[in-house]
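Please find below my note on the structure under review.

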Amino acid sequence: MRKTTRKFLAVTAGVASVALLATACSGDEDPGDATSGGATGDSSKPITLTVATFNNFGYTDELLAEYKKTHPNVTVKQTVAAKSEDARTNLTTKLAAGGAGLADVEAIEIDWLPELVQSGDKFLDLNSDEVKDRWLEFKTKPATTADGKLIGYGTDVGPEAICYRSDLFKAAGLPTDRAEVAELLGGENATWDDYFKVGKTFADKSDSAWFDSAGAIYQALINQQEFAYENADGSVVPLADNTTAQEAYNTVTSDEVQALSAHLGQWSEDWTAAFQKDGFATMLCPAWMTGPIEQNSGGITGWDVADVFPGGGGNWGGSYLTVPAAGANAEAAKELAAWLTSPEIQIKAFENAGTFPSQTEALQDPALTGAKNAFFNDAPVGEIFGNRYAAIKVTPFKGPNYFSVHTTVTDAITKVDVEQSADAQTAWQGALDAFGALGL
């Protein structure tokens, strides 16, 4: 699902957690027999299954209570981490300790997946005839281990559009109609230069910033690259030689683009508060972002969605549900995870939080294709994000070192854009030093 571009983990912390996980996985401790775990859904024994998510997966109390209709012995409880990095730290720490304390179903972010697939023995194999062909290969392949285990059921995908404040556009003399805004930003051939050029026009006539976070812009630029940090064989491109990453970094830290930024770290308190203070006019908007925008904008009207995205299509995020093998009720948890990612529940999650389904059958559902969002001026979000999904042409390769290398650069961007504690050149040198410390 959703990915934070706010400073993730300090590089040392990220390396430590991965190292701990690798150590635990190579040890002799048996985390438990994945196939012997606990009660099944048709058991008469009362059990409670826990689900750990982050941000907003659309799993409301009412939705989770529905499970009891067909599984009367099962009570489902959800724990929601405020930020995905909190969930990642909790997951990796407890996996490294043998799995004690983990939820029966653990949600994970796509960027962590390459690391976790290396530790497939820590998760239940979720392959079954029930879910065969439920997803397209691009969704299942990253969650499949070298020996064929499926460790995660896909929840959502994140096709990106542009969300914008029509009231701030109007005040700055820009078009407000979503179709006109899409054309203003370049239409089908929209480029990043178009986006920044319109931003300059807006900024010259407004006290609000054009966009919220340079980190979000960088994330989008990287997600449009097939090989951002690693080659197809998994070897890491030295950051000093990585022109793809450096060009994207130079773009978002340039004086011209920084002049358009609200200098906010996404998911920070300042970022949340900025929704109430006309802090920025546009956001790069994967479908799941519509939920947080609405949550943070209580009392604010004017948000809309334009069917356009700079540089072509882009996908940001997309999460999975895993079942830790050490769980006492692993088989029952597998059944719950399958239910939560079924077509009908993915549609309900979309209706609750805007999380765009990854399930092939759900993508054809009229409840999705005809969906409108009242908060976003009745925007036809099903059609818009369906179009944005179709526009995605690049599936980035993310190997086991993607997260660590990505963090070195995003930490540098945070120093320039959010903390404003270093100039772009100094912060880039910091990224190079942090990359060197990874020892890759």
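1. How far apart are the mean positions of the positive and negative charges of the protein chain? They lie 3 Å apart, for 31 positive and 60 negative charges. Lys and Arg count as positive and Asp and Glu as negative, without His and the chain ends; each charge is placed at NZ of Lys, CZ of Arg, CG of Asp or CD of Glu.

2. The model is predicted: local features need pLDDT of at least 70 and side-chain atom pairs pLDDT 80 or more, whereas totals for chains, interfaces and linings use all residues. Residues are numbered from 1 along each chain as its sequence is written, and side-chain values use heavy atoms, leaving out hydrogens and water.

3. Buried residues (under 20% relative accessible area, 1.4 Å probe, protein chains only) account for 57% of the 440 residues. The C-alpha atoms occupy a box of roughly 65 × 50 × 35 Å along the principal axes.

4. The whole structure holds 8 salt bridges, each a side-chain nitrogen of Lys or Arg within 4 Å of a carboxyl oxygen of Asp or Glu. One of them joins Arg 88 to Glu 115, with the closest N and O atoms 2.8 Å apart. Both partners are buried: Arg 88 has a relative accessible area of 1%, and Glu 115 one of 7%.

5. Lys 200 pairs with Asp 204 at 2.9 Å between the closest N and O atoms.

6. A salt-bridge network links Arg 165, Asp 167 and Asp 278.

Note on methods:
Buried means under 20% relative accessible area, exposed over 50%, partly exposed in between (1.4 Å probe, protein chains only).
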